[in-house]
Amino acid sequence: MKKIIFTLVGISFLIFSCQNELLDLQESSIQSESFSSSPQSGVVECKVIDADRAPFGDRQPAANLWWSLNGGNDYFTTSTYFSSSEDHKLNFIEVDDNTARIIGSTINEKGCVVEVDVRLINKKNWDDWSTSTINGIPGNHKKEGTAGNASQSGDMNFYVIDSENSTLKATGTCGTGVESGKIYGLEQRPDPFTQSDNFGAHVGPGGANYDSNKGAIGLSTWGWIFDLDTKERLWKMDFNFLIDECKEIEEECKDCEGNVTELTLQYNGTEDAYIEVKTKDEGVNGSKIVFEGNVGPGGTFTIYGNDENGTFGDEIKVYVDGDYVKIKTDCSEDIGPGLILEDIEVISGKSTNGAYLCPKACDECEGKVNNLTLQYNGAEDANIRVETKKDGENGEKVVFEGMVEAGAEFSFVGNDKKGTLGTEITIYVNDVVNTKIHTSCSQPIGPGLMSGDFEVISGSSREGGDLCPVDTPPGSGDDCNECKGKVTRLDLTYNGTSDALVQVVQKKDNLIAFDSNVMAGDTFTFYGKDDKGTLGTEIIIYVNGFEAQRIHTSCSDPIGAGAVFGDFTVEGGASREGGELCPVDVPPTNTECECNGGIVSVTFTYSGDVNDLSSDDDDASFTDNGNGTVTLATFDGDKLSNPEIFVNGNNVGEIHASCSDNILGLSYGDLKVVEYVDKDGNVTSVDGCSQLPPGDDCSECDGKITRLDLQYNGSGSSIEITQKKDGQVVYDGSVSSGAEFTINGKDDKGTLGTEIIIKIDGVENQRIHTSCSVEIGAGSIFGDFAVLGGASRNGGELCPVEPDDTPPASTECDCDGKIVKMSVEYSGPNGATITVGDDEDGNNSKSWDNVQKGTILTAELGDIGNWWYWSVNGTVEAAIHTSCSDDILGNVNAHKSTFGNMGIYDDPEDDDENSRNDGTFLVTYHKDGKGNECSLDIAA
């Protein structure tokens, strides 16, 4: 027997003063709106406490239920109120699938007992409830009574009564017309289809409207009791009670016994769908339908058995936009959390024994794979196509095709006559083969299998059920053989310093085996393209269009996991006649120039007095070597602690000692690095290793700048440089004209943030964008400062900037009166609807559909006022001043306008955390009412 401890994922009403630990759990749970796919949902059970009926406590008894027998005119008849007793209690249960339940019994003063099983669904917070409608009527909050009138709508969560699955049953003598032992239905009151109010059920502080405790957690809701057979509404009722003594429910799961009574299902399709669930036979209510409604991707819904025993009978059919899958509910087949049938997944359930169903067991692959869920781990969104080796029953090989976001999951099912994927699938990324996966069960397959840019998340085989996890990495060497008959597949890791476009071409026939962007450190797989499925005798690897490496694939040279070819390492592969390649012995590499474990000493050229040098590393000191160099080294041979270096008390920069950066050749004021030693004793020096001058092995700036090498060309002055966002000082010292110095980022990711501020003699002189939104590299000039080199977090060394590459600044031109025509370049999400006009509420004058990033939009609206409002997908993004009093051309000199937060352009007046470099629109042209035109040529 397995024990399941329920977790609190979605409990949002628990604010009890006596439940501090639950309150802590609530705070963390509110952060996530996604439903967990764990075997069971988080469940909390609370005790229902009678409300004291304030302000009518002297005329009404403390109660939890009111059942009116004459249309509500017996409001002060005490026998219409039901309360808790020693033998009759109600519980309130909330589950993290946005449902709740009121269950138990309650009794009135005459001994009438009401058995309650009321289910609440579709939990919403106030923002969602008040903006959603039923029949055009928005959700409202009914405030009445002492606590209710003092409650706040924003503190509440709202449900509606599930009329399909809620019942009341009265036993004993309960009043005229009430049949003892008969089960009645319950539905929400008031009815928003016939009345002007839509209150639902509210839960939260002051939720028990008629109670004297204004801050206590409670619930109120209103309903009609109706006849299940005729659907006639018979009586009004209210729930009004407090909620307390909440606790997590600890449940044991058991194998399915008898029939299934309850299921929570998740819809995993990519688009909203109309879902209908039917049982095989009609239920006690005369219908087979147990659920119907629209469900969004990832949405969950709970269904309950409808026969006389509260079960689903033998099976259910789940229809998704008309197509259905069958789920056996008679326990004849394994059923439980983890069962996936096309787009439907079982999240939790119960069977006749009353216990939760245990997670569905996995098994070895047998009889070919019939469905898979994969995660795409590529760097960018892409069109993915999955094809089987042979045509399916419909004459097609394609089992999946569509755009998939980077990191997203997608699923597909088999297409042959037995519903399997055959022996192998081929996966294309943007019409280029990325990988192949064996689906014949002849090779390990299951969750965890990595192949190309894809990871198996789940799947099942025809005869074995759900696939078990595997941990066999590509090229593990199991059952390997020597290369024979040419290589058919290679798994390579790209060890370059930055992401690149990699293309693999077969030499003999020029067939392209691989063509895609690859992230530094990623592994990619490709397959032979000749008529025998091999890579021929040799492949040529191009990186960003330039030949980088050639690899013999004829089996004449050793090849296998461990072989290194330039920036590429073989992780695995296969040959035509030998199968999986065996690992190869890699000869020891020259340790010179390696850096492992951190830097323990650094030697600089320096002509001054060593006594003028210091650092903030208390475990290190400077030594004069007597040859024009000095060395900073730790006393115990341990790693330097990224020390700040000071010359005559002036901070000249920080040394990164983690081996992540090649510091050889960097300057720190008058100090220049000529050698460093790591913890393993490896020496990196200008004599034995080449430093990386700016521009060698460089890449575009990506992920913010981590280092800048600057030259100061002004007069000798005191310079202070700070990171704008966090105010951290990255340099503080005196610099002579022509001197070079280096600054390093100090935020939690080692970057300089989005912008640095340079002050000379205490006065701000210059700002430099370091977010990579503006091109920067050796050759960039910022006032008296020239960039000599640098690096970015994701791109490595910065490439030089050619003067011609610098975008032209806006040119002075006349602007008189009002701007009547304007052009902007757009840098927001692709496929957007853009509107512009003088009304920020959305009544704009001109619009464009399906706008792509980089598009230039021109609007000639005439003199419509002082502001033009640019909206993206219905939301105002930019407010651009058009009275000629603001220099809006090129954005950079504007002091009134804002240009949005979705792009890369300057936005000087923006005060969000990304500040001045995330503008959505760039003004490239404008014309005033007198015909004056100003334009900005945008560099390609």
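## Exercises on cavities, salt bridges and confidence

The largest share of the lining of the largest cavity comes from E38, which gives three residues. The model is predicted.

**Exercise 1.** How many cavities of 30 Å³ or more are there, and what lines the largest cavity?

*Solution.* 
- Start with the count: three cavities reach 30 Å³ or more.
- Take the volume next. The largest cavity holds about 70 Å³ of space.
- List the lining: Asn377, Gly378, Ala379, Asp453, Phe514, Asn517, Val518, Met519, Asp522, Thr523 and Phe524.
- Assign elements. Strand E38 (512-518) and strand E39 (523-527) are the elements that give two or more residues to this lining.
- Sort by class. The lining has five nonpolar, four polar and two charged residues.

**Exercise 2.** Describe the second largest cavity by volume, lining and class.

*Solution.* 
- The volume is about 60 Å³.
- The lining consists of Arg53, Glu144, Asn209, Tyr210, Ser220, Thr221, Trp222, Asp238, Phe239 and Asn240.

**Exercise 3.** Lysine 278 forms a salt bridge with glutamate 276. Is glutamate 276 buried or exposed?

*Solution.* 
- Check the distance. The closest N and O atoms of lysine 278 and glutamate 276 are 3.8 Å apart. The cut-off is within 4 Å, so the pair qualifies.
- Check glutamate 276. Its relative accessible area is 16%. Buried means under 20%, so glutamate 276 is buried.
- Check lysine 278. Its relative accessible area is 28%, and lysine 278 is partly exposed.

**Exercise 4.** Which parts of the chain does the salt bridge of lysine 724 and glutamate 755 tie together?

*Solution.* 
- Begin with the contact. The side chains of lysine 724 and glutamate 755 meet at 3.6 Å, N to O.
- Locate both ends. Lysine 724 lies in the loop between strand E55 (717-723) and strand E56 (729-735), and glutamate 755 lies in strand E58 (residues 755-760), so the pair ties together parts 31 residues apart in sequence.
- Lysine 724 is partly exposed at 30%. Glutamate 755 is buried at 2%.

**Exercise 5.** Glutamate 755 also meets arginine 767 in a salt bridge. How many residues apart in sequence are the parts that this pair ties together?

*Solution.* 
- The N to O distance between glutamate 755 and arginine 767 is 3.3 Å.
- Glutamate 755 lies in strand E58 and arginine 767 in strand E59 (residues 763-769), so the parts are twelve residues apart in sequence.
- Arginine 767 has 28% relative accessibility and counts as partly exposed.
- Turn to a network elsewhere. Salt bridges that share partners join Lys507, Glu538, Glu547 and Arg550 into one network.

**Exercise 6.** Where does pLDDT stay under 50?

*Solution.* 
- Take the chain first. The average pLDDT is 82, and 88% of the residues score at least 70.
- One stretch under 50 is residues 1-41. The model has 98 contacts beyond four places in sequence for this stretch.
- Another is residues 690-696, with 17 contacts beyond four places in sequence.

Terms used:
Residues are numbered from 1 along each chain as its sequence is written. This is a predicted model: local features need pLDDT of at least 70, side-chain atom pairs count only at pLDDT 80 or more; totals for chains, interfaces and linings use all residues. Side-chain values use heavy atoms; hydrogens and water are left out. Buried means under 20% relative accessible area, exposed over 50%, partly exposed in between (1.4 Å probe, protein chains only). Helices (H or I, at least four residues) and strands (E, at least two) are DSSP runs, numbered from the N terminus. pLDDT is the predictor's confidence in each residue, from 0 to 100. Contact means heavy atoms within 4.5 Å. On a 1 Å grid over the protein atoms alone, a cavity is a set of points where a 1.4 Å probe fits but cannot get out, and a pocket is an open set with protein on both sides within 12 Å along at least five of seven lines; lining residues have an atom within 4 Å of a point. Grid points are joined across faces, edges and corners, and a volume is the space filled by probe spheres set on the points. Ala, Val, Leu, Ile, Met, Phe, Trp, Tyr, Cys and Pro count as nonpolar, Asp, Glu, Lys and Arg as charged, and the others, Gly among them, as polar.
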